[in-house]
Structure formats: structure tokens, C-alpha cells
Amino acid sequence: TFVMTIPPSPYRCPPGPYERACVVADVLKRRGGKPKVVVLDANPEIQAEKGTFTRAFSTLYAGIVDYRPNAAVGSVEYAKDPLTGKERRTVVTSSGQRVTGDVVNVIAPHRAAKILADAKLTGGGLWAPVDPRTYASTVFTTVHIIGDAQGTGQPKSGHMANSQAKVCADAILRLRLGGRIDTAERLNNLTTNSACYSPVNASEASFLTASFRYDNDAASPTYRQMKRVWLGEAEKWTTDNYKEMFAWASNLMTDSFA
């Protein structure tokens with residue numbers, strides 16, 4: 001029995017925990033026996049690729065994956081039976097459910113790194129507020145923050161961090177050269193995007209894409225924020241997606257760290 005927890009959103013890599021549940025279930029399924037993967041999700045529903053993971057849990061891993069929404073962690077207990085020596089690892093949810101497993105994988109709630117909180121860049125919150133036109137901190141405007149730590153509401157993924165880095169670098173260059181970052185042409189074309197491939201077993205994967213655009217409409221409720229304008233999910237998992245996953249990852253790492 002493998003018990004894993006998913007923290008409240010937002011957290012790093014939205015589909016990541018559900019991918020992990022699938023990969024673990026796949027390994028245990030191929031080993032045989034009567035495995036169980038209990039997923040305790042603090043959120044009310046699957047946070048990314050809901051269709052894909054709902055199908056995977058109910059078909060590929062029917063009877064193996066036990067998905068439980070609204071199951072936030074209250075505490076975690078560890079004890080060893082003094083007579084048998086058997087170890088007991090138990091997650092107690094905030095509602096009082098007690099779930100014991102041979103392996104317990106607790107994913108703690110996420111927030112910006114401590115260094116940002118210590119530097120007062122989070123403004124007392126969990127994430128660092130920034131201006132999405134430049135990714136300059138709204139607390140200290142000469143500091144720029146991208147990726148997981150920023151608090152714009154965009155997904156906290158590596159692909160999104162890469163996309164934000166390009167917007168940020170463009171803004172810094174414009175500012176250093178005495179240019180403007182608030183022209184209508186720039187703001188109307190200021191976009192970021194994120195993509196990821198999600199393995200559901202050892203040979204097949206799904207994918208997810210999302211695009212965001214800076215909202216420059218003063219009448220809009222998301223004015224001066226990054227507004228999601230596209231969300232796409234694979235209709236099914238395939239071996240082709242699994243192969244493409246490695247090319248996508250290689251290209252992203254090369255572009256990010258070249």
C-alpha cells in the first residue's frame with residue numbers, strides 16, 4: 001500500500017502528483033499481488049488533465065488507485081509494534097480519516113523559497129507578487145522574479161518559467177536601453193505558454209498545453225494580469241506522446257540552460 005498526499009493548489013507542476021500515482025500504480029501492477037495506491041488530495045478535484053487521470057484511475061488502475069478528494073493532511077504518525085516489529089505509517093486527514101501504508105509519500109504545501117520570505121519579497125504571503133509586464137517585484141522593483149516563486153496565477157512549471165524568462169529578459173533589455181515596456185504593441189502581444197507530457201505507464205503518455213495573455217482591457221476583471229486564453233489536453237494517451245515527451249524535455253532543457 002502506497003499512500004501519497006497532494007497539497008492545496010497552487011503547487012509545483014500541476015499534473016505531477018497524478019503522474020506519480022500512475023507511475024507507481026503501473027510498477028506495482030506489473031509486480032503482481034494486490035497493490036493499493038491511495039491518493040489523498042487536499043483539492044476538491046484533479047487539478048490538471050482531469051479527463052486523462054480520471055480515465056487512468058478508473059480503467060488502467062481500477063481497484064488499485066483509490067483517489068480521495070478533499071482529503072487534506074492533518075498529521076502524520078509513525079509507530080513500530082513492540083511485539084511484531086512491524087512499522088506503521090499513517091496519514092490522518094483533517095476530517096479524521098486514518099490511512100495506513102507501507103510507504104507514505106507526503107507532499108507538503110508549497111510556497112516561495114525561504115530566501116524570498118526572508119528578503120520580504122513575498123509581502124507576507126506564500127508567493128512573490130510581481131508585475132507580469134516585467135516580472136519585477138511589486139515590493140522591490142529592481143528585483144525580478146520568475147518561475148515557481150512568482151505569484152501571478154500562472155502554472156508553476158518549468159516550461160512556464162522558461163516562457164516568463166523571455167518576457168523578463170525582453171523587459172530588462174528595453175529598460176536598460178531606455179525603451180518602454182508599456183507600449184500597446186508589446187502589451188497586446190505579451191504571452192506565455194506552458195506544455196507538459198504526462199506518463200500514465202511505462203510506454204504511454206498524455207499531454208497538456210496552456211497559453212496566457214496579458215489583459216490590457218481596463219474593463220476586464222483580469223486587467224493587468226495574465227489571463228488564460230487556451231487550455232488543451234490530449235484526447236488519449238499514446239506511445240507517440242511518450243516518445244515525444246523525451247524530445248520536448250530535451251529541447252526545453254537545452255533552451256533553458258544553453
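**Entry 1: what I am looking at.** I am reminding myself that this is a predicted model.

**Entry 2: helix 4.** I began with helix 4, which runs over residues 158-176. Next I asked which residues of helix 4 are buried. My list reads H159, M160, A161, N162, S163, Q164, V167, C168 and A171. What covers them? I found that the cover includes helix 5 (184-188), strand 10 (191-199), strand 11 and helix 6 (239-257). Just past the end of helix 4, I noted G178 with a positive phi of about 80 degrees.

**Entry 3: salt bridges.** How many salt bridges are there? I get a count of 12, and I looked at several of them.

I looked at D26 and R30 in helix 1 (residues 16-31), where they sit four residues apart, about one turn of the helix. A helix of this kind has 3.6 residues a turn, so residues three or four places apart point the same way. The side chains of D26 and R30 form a salt bridge, at 3.0 Å from N to O. Are the two partners buried or exposed? D26 has a relative accessibility of 10%, so I count D26 as buried, the limit being under 20%. R30 has a relative accessible area of 57% and is therefore exposed, the limit there being over 50%.

Helix 3 holds another pair, K114 and D118, four residues apart, about one turn of the helix. Their closest N and O atoms are 2.8 Å apart, in a salt bridge. Here I wrote down 61% relative accessibility for K114, which counts as exposed, and a relative accessible area of 49% for D118, which is partly exposed.

Then I checked D255 and K166, a salt bridge with the closest N and O atoms 2.9 Å apart. This pair links distant parts of the chain, with D255 in helix 6 and K166 in helix 4, 89 residues apart. D255 counts as partly exposed at 43% relative accessibility, and K166 is partly exposed with a relative accessible area of 48%.

I also noted a network of salt bridges that links D170, R174 and R186.

**Entry 4: D215.** Where is D215? I found D215 in the loop between strand 11 (205-214) and strand 12 (226-233). D215 is buried, yet it has no salt bridge. Which side chain of opposite charge is nearest, and how far away is it? That is K227, at 4.6 Å, and a salt bridge needs the atoms within 4 Å. Leaving aside neighbours within four places in sequence, I listed the contacts of D215 as S220, T222, Y223, R224, Q225 and K227.

**Entry 5: a nonpolar patch.** V73, V76 and V106 make a nonpolar patch of about 210 Å². I placed V106 in the loop between strand 7 (103-105) and helix 3 (114-118). At 38% relative accessibility, V106 counts as partly exposed.

Conventions: Residues are numbered from 1 along each chain as its sequence is written. This is a predicted model: local features need pLDDT of at least 70, side-chain atom pairs count only at pLDDT 80 or more; totals for chains, interfaces and linings use all residues. Side-chain values use heavy atoms; hydrogens and water are left out. Patches are made of residues with over 30% relative accessible area and no salt bridge: like charges are joined within 9 Å, nonpolar side chains (Val, Leu, Ile, Met, Phe, Trp, Tyr) within 5 Å. Accessible areas come from the Shrake-Rupley method with a 1.4 Å probe; for residues, only the protein chains shown count as cover. Helices (H or I, at least four residues) and strands (E, at least two) are DSSP runs, numbered from the N terminus. Buried means under 20% relative accessible area, exposed over 50%, partly exposed in between (1.4 Å probe, protein chains only). Lys and Arg count as positive and Asp and Glu as negative; His and the chain ends are not counted. Contact means heavy atoms within 4.5 Å. The expected span of a helix is 1.5 Å times one less than its number of residues.
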